[in-house]
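Please look over the sequence and the 3D structure below before reading on. The briefing after them is grouped by topic.

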Amino acid sequence: MQNTRLNNLFDAIATRLGQWFLNPWRRLSLLIISFLLGFFLANVASTTAGQRAELDIVVAAFLVMLTEITSRIFYHRSFLDRRSLLIDSLNLLKVGFMYGLFLEAFKLGS
């Protein structure tokens, strides 16, 4: 890639964001936001799929596939050696999503 000013700007921004998220409190806050976003997405997915009632099986299969792919990425041996913020936030997004779906199932069951 050429060493242009735009490329240097993007590299500087990425470096500063990486250093900014090295702080443990900022990392923890980003992980909590990721968990809550997963919880919100589960509530949205369950209400929209339940209201339309057209593609319930397809949506459920797609969501199971996404959670299994996320688990495969997170629990793969090479990723356990280097725990990046992106992989951790993706895993907590999945955990929040599954938690939200379980809560929706308990609400429907009662």
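This is a predicted model: local features need pLDDT of at least 70, side-chain atom pairs count only at pLDDT 80 or more; totals for chains, interfaces and linings use all residues.

Residues are numbered from 1 along each chain as its sequence is written, and side-chain values use heavy atoms, with hydrogens and water left out. Helices (H or I, at least four residues) are DSSP runs, numbered from the N terminus, as are strands (E, at least two). A residue is called buried under 20% relative accessible area, exposed over 50%, and partly exposed in between (1.4 Å probe, protein chains only). Contact means heavy atoms within 4.5 Å.

**Salt bridges**

- A salt bridge is a side-chain nitrogen of Lys or Arg within 4 Å of a carboxyl oxygen of Asp or Glu. By this rule the structure has two salt bridges.
- One of them joins Asp88 to Arg27, with 2.6 Å between the closest N and O atoms. Asp88 belongs to helix 5 and Arg27 to helix 2, so this pair ties together parts that are 61 residues apart in sequence.
- Asp88 is buried, at 9% relative accessible area, whereas Arg27 is partly exposed, at 24%.
- The C-alpha atoms of Arg27 and Asp88 are separated by 9.8 Å.
- Neighbours within four places in sequence aside, Arg27 is in contact with Phe21, Arg83, Ser84, Leu85 and Asp88.
- Another salt bridge links the side chains of Lys107 and Glu104, at 2.9 Å from N to O. Both residues lie in helix 5, three residues apart, which is about one turn of the helix.
- Lys107 counts as exposed because its relative accessible area is 54%, and Glu104 counts as buried because its value is 14%.

**Aromatic rings**

- A pair of aromatic rings is described by the distance of the centres and the angle of the planes.
- Rings of Phe, Tyr and Trp (its six-membered ring) pair if their centres lie within 6.5 Å; planes under 30 degrees apart count as stacked, over 60 as edge-to-face and the rest as tilted.
- The structure has three aromatic pairs. One of them, Phe39 with Tyr99, is tilted, with 5.8 Å from centre to centre and 35° between the planes.
- Phe39 lies in helix 2 (residues 24-52) and Tyr99 in helix 5, so the pair ties together parts that are 60 residues apart in sequence.
- Phe39 is partly exposed, with 25% relative accessible area. Tyr99 is also partly exposed, with 42%.
- One aromatic cluster is formed by Phe35, Phe39 and Tyr99.

**Helix 3 against helix 5**

- Two packed helices are described by the angle between their axes and the distance between the axes. Axes are lines fitted to C-alpha atoms, for helices over the stretch in contact, and angles run from 0 to 180 degrees between N-to-C directions.
- The axes of helix 3 (residues 56-74) and helix 5 come within 10 Å and cross at roughly 145°.
- On the helix 3 side, the contact is made by Leu63, Thr67, Thr70, Ser71, Ile73 and Phe74. On the helix 5 side, it is made by Ile87, Asp88, Leu90, Asn91, Lys94, Phe97 and Met98.
- These contact residues divide into seven nonpolar, four polar and two charged. Here Ala, Val, Leu, Ile, Met, Phe, Trp, Tyr, Cys and Pro count as nonpolar, Asp, Glu, Lys and Arg as charged, and the others, Gly among them, as polar.

**Single residues**

- Ser34 lies in helix 2 and is buried, with a relative accessible area of 9%.
- Leaving aside neighbours within four places in sequence, Ser34 is in contact with Ser89, Leu92 and Leu93. The C-alpha atoms of Ser34 and Asn91, 57 residues apart along the chain, are separated by 8.8 Å.
- Gly96 is in helix 5 and counts as buried, at 0% relative accessibility. Not counting residues up to four places away in sequence, Gly96 touches Phe35, Gly38 and Phe39.
- Gly109 lies in helix 5 (residues 85-109) and counts as exposed, at 67% relative accessibility. Between the C-alpha atoms of Gly109 and Leu63, 46 residues apart along the chain, the separation is 21 Å.
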